[in-house]
Amino acid sequence: MKRPLHVLVLVFSLSLFFSCDDVFDCLIFSKEPELPNKAFKLGSLNSYYYDEFDAEIKNEPRDNDYGYEFDIEGTLPIGIEAYSDFRTFYLEGIPEEAGEFTFTVYVYVDPPLNYNPDTDSYEEDMCLTWTSKAYTLFINP
């Protein structure tokens, strides 16, 4: 089977910066944080609001072995707070304004380190340690 030239060039280029194992692991079995495709529940002005989601690590059954830190950029309605606990991101409060609110959630992860006895060092085996996703929250009047 003939491979497209751009794929071969990409693999070769990446192999200049990483070992071959790293390139193929990241292209095929990439371990990286993921945020869900999430439609937040519709909220109502002056009514209690709550919704949440969990971040996870793609291609990793041990999601709970990682440290998670969230950040948010953008606008939330007055009265709604964003917070996190471990790998769960929450929106909660009583919105004091109606409208469409767009924001971006960032998640940063600290991977568990694996001890390599050959190099007598600890190594992480992630391709990426952060990601982000844009979300929208609708609050009805």
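1. A residue is called buried when its relative accessible area is under 20%, exposed when this area is over 50%, and partly exposed in between, with a 1.4 Å probe and protein chains only. Tyrosine 90 has 13% relative accessibility and therefore counts as buried. Tyrosine 83, at 34% relative accessibility, counts as partly exposed.

2. The model is predicted: local features need pLDDT of at least 70, side-chain atom pairs count only at pLDDT 80 or more, and totals for chains, interfaces and linings use all residues. Residues are numbered from 1 along each chain as its sequence is written, and side-chain values use heavy atoms, with hydrogens and water left out.

3. The note turns to the sheet. Strands (E, at least two residues) and helices (H or I, at least four) are DSSP runs numbered from the N terminus, and two strands pair if DSSP finds at least two bridges between them. An open sheet of 3 strands shows the order β3-β7-β6, and its pairing is antiparallel. At the edges stand β3 (49-54) and β6 (80-85), each of which pairs on one side only. On average, neighbouring strands of this sheet are turned by 15 degrees against each other, direction ignored; axes are lines fitted to C-alpha atoms, for helices over the stretch in contact, and angles run from 0 to 180 degrees between N-to-C directions.

4. Strand β7 (residues 88-93) pairs with β3 over 6 bridges in the antiparallel sense. β7 also pairs with β6 over 6 bridges, again antiparallel. Glycine 93 in β7 stands opposite tyrosine 49, and isoleucine 80 likewise stands opposite glycine 93. β6 and β7 form a hairpin with 2 residues between them, and phenylalanine 86 in the turn has a positive phi of about 60 degrees.

5. The structure holds 13 aromatic pairs. Rings of Phe, Tyr and Trp (its six-membered ring) pair if their centres lie within 6.5 Å; planes under 30 degrees apart count as stacked, over 60 as edge-to-face and the rest as tilted. One of the pairs joins phenylalanine 40 and phenylalanine 103, which are tilted, at 5.8 Å centre to centre with 50 degrees between the planes. Phenylalanine 40 lies in the loop between β1 (32-34) and β2 (43-44) and phenylalanine 103 in strand β8 (residues 99-110), so the pair ties together parts that are 63 residues apart in sequence. Both phenylalanine 40 and phenylalanine 103 are buried. Tyrosine 83 and tyrosine 90 form a stacked pair, with 4.8 Å between centres and 15 degrees between planes. Ring pairs also link Phe40, Phe53, Phe70, Phe89, Phe103 and Tyr135 into a cluster.

6. The structure holds 5 salt bridges, a salt bridge being a side-chain nitrogen of Lys or Arg within 4 Å of a carboxyl oxygen of Asp or Glu. Among them is that of lysine 38 with aspartate 51, whose closest N and O atoms are 3.0 Å apart. Lysine 38 lies in the loop between β1 and β2 and aspartate 51 in strand β3, so the pair ties together parts that are 13 residues apart in sequence. Aspartate 51 counts as buried at 6% relative accessibility, whereas lysine 38 is partly exposed at 26%.

7. Lysine 31 forms a salt bridge with glutamate 60, with 3.2 Å between the closest N and O atoms. Lysine 31 is buried, with a relative accessible area of 16%, and glutamate 60 is buried at 8%. Lys31, Glu60, Arg62 and Asp65 are linked in a network of salt bridges.
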